[in-house]
Amino acid sequence: MRIRTAPLGRVEPPNADDAAAWVTGAIPDGWFTERPEIVIDRDEIIIWGRVAEPELGADATEADRAAAHGGRINQFREDTRDARIRVARQIEHRYQRKVAWGIRCGDTNELFTHLSAPVMTRLRQPERQILDTLVDAGVARSRSEALAWCVKLVGQHTDQWLSDLRQAMTKVDELRKQGPESV
């Protein structure tokens, strides 16, 4: 296995090109109503699975449905805990990334024990003033929380742009693989 290093000496985790297929194969049959969605970055693998909605009567309210979805997600979490831990350990060993589980039931989504990675950045005064304004307005409790809020906001409005960028990066990686081995 070739160890890749990133800038500042950081060791990159192994390639995870086959992770979605491998993870899908490792998950016991019957857990989800459809193929799980596997989201991978250099730190974490999130496994999103959909569970069946509970059957409610025609007179069920939105509050009833939300409560039933929450109950179904909680029951899945409790019933599969040991097996999910076993699967996660295998994934973490193979891909050297933390694993989190996300469950969808109806329009309710819940993510279990996911990674919150610290990120350090240097900001000039105009950028710090934006964060301070968000803190002063009560949108966030700290600069760190305000920065996370900004990243989420940008992410909501740039899905297509980020998708295009990721596709371009994949193409660059494919072209690199076609070239000669690094010297």
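Four bridges join β1 (37-40) to β2 (44-50), and the two strands run antiparallel; strands (E, at least two residues) and helices (H or I, at least four residues) are DSSP runs, numbered from the N terminus, and two strands pair if DSSP finds at least two bridges between them. The structure is a predicted model, in which local features need pLDDT of at least 70 and side-chain atom pairs count only at pLDDT 80 or more, while totals for chains, interfaces and linings use all residues. Residues are numbered from 1 along each chain as its sequence is written, and side-chain values use heavy atoms, with hydrogens and water left out.

In soluble globular proteins, nonpolar side chains tend to be buried together. A nonpolar core is defined as a set of buried Ala, Val, Leu, Ile, Met, Phe, Trp, Tyr and Cys residues joined through side-chain atoms within 4.5 Å, where buried means under 20% relative accessible area, exposed over 50%, and partly exposed in between (1.4 Å probe, protein chains only). The largest such core has 22 residues, and those with the most contacts inside it include Ile27, Trp31, Phe32 and Ile103. At least two residues of this core come from each of α1 (19-26), β2, α2 (62-79), α3 (81-95) and β3 (98-105), with α3 giving the most, namely five. Apart from this core lies another, of five residues, among them Leu131, Ala140, Ala146 and Cys150. When neighbours within four places in sequence are left aside, the contacts of Ile103 include Phe32, Trp48, Ile73, Phe76 and Phe112.

Rings of Phe, Tyr and Trp (its six-membered ring) pair if their centres lie within 6.5 Å, and planes under 30 degrees apart count as stacked, over 60 as edge-to-face and the rest as tilted. By this rule there are five aromatic pairs. The rings of Trp31 and Phe76 have centres 5.6 Å apart and planes at 85°, so this pair is edge-to-face. Because Trp31 lies in the loop between α1 and β1 and Phe76 in helix α2, the pair ties together parts that are 45 residues apart in sequence. The rings of Phe32 and Phe76 also have centres 5.6 Å apart, but their planes are at 35°, so the pair is tilted. Both Phe32 and Phe76 are buried, as is Trp31, and Trp31, Phe32, Phe76 and Trp101 form one aromatic cluster.

A charge sits over a ring if NZ of Lys or CZ of Arg is within 6 Å of the ring centre and within 35 degrees of the ring normal. Arg77 lies over the face of Phe112, at 4.3 Å from the ring centre, and Arg104 lies over the face of Trp48, at 4.3 Å from the ring centre.

Technical notes: Contact = heavy atoms within 4.5 Å.
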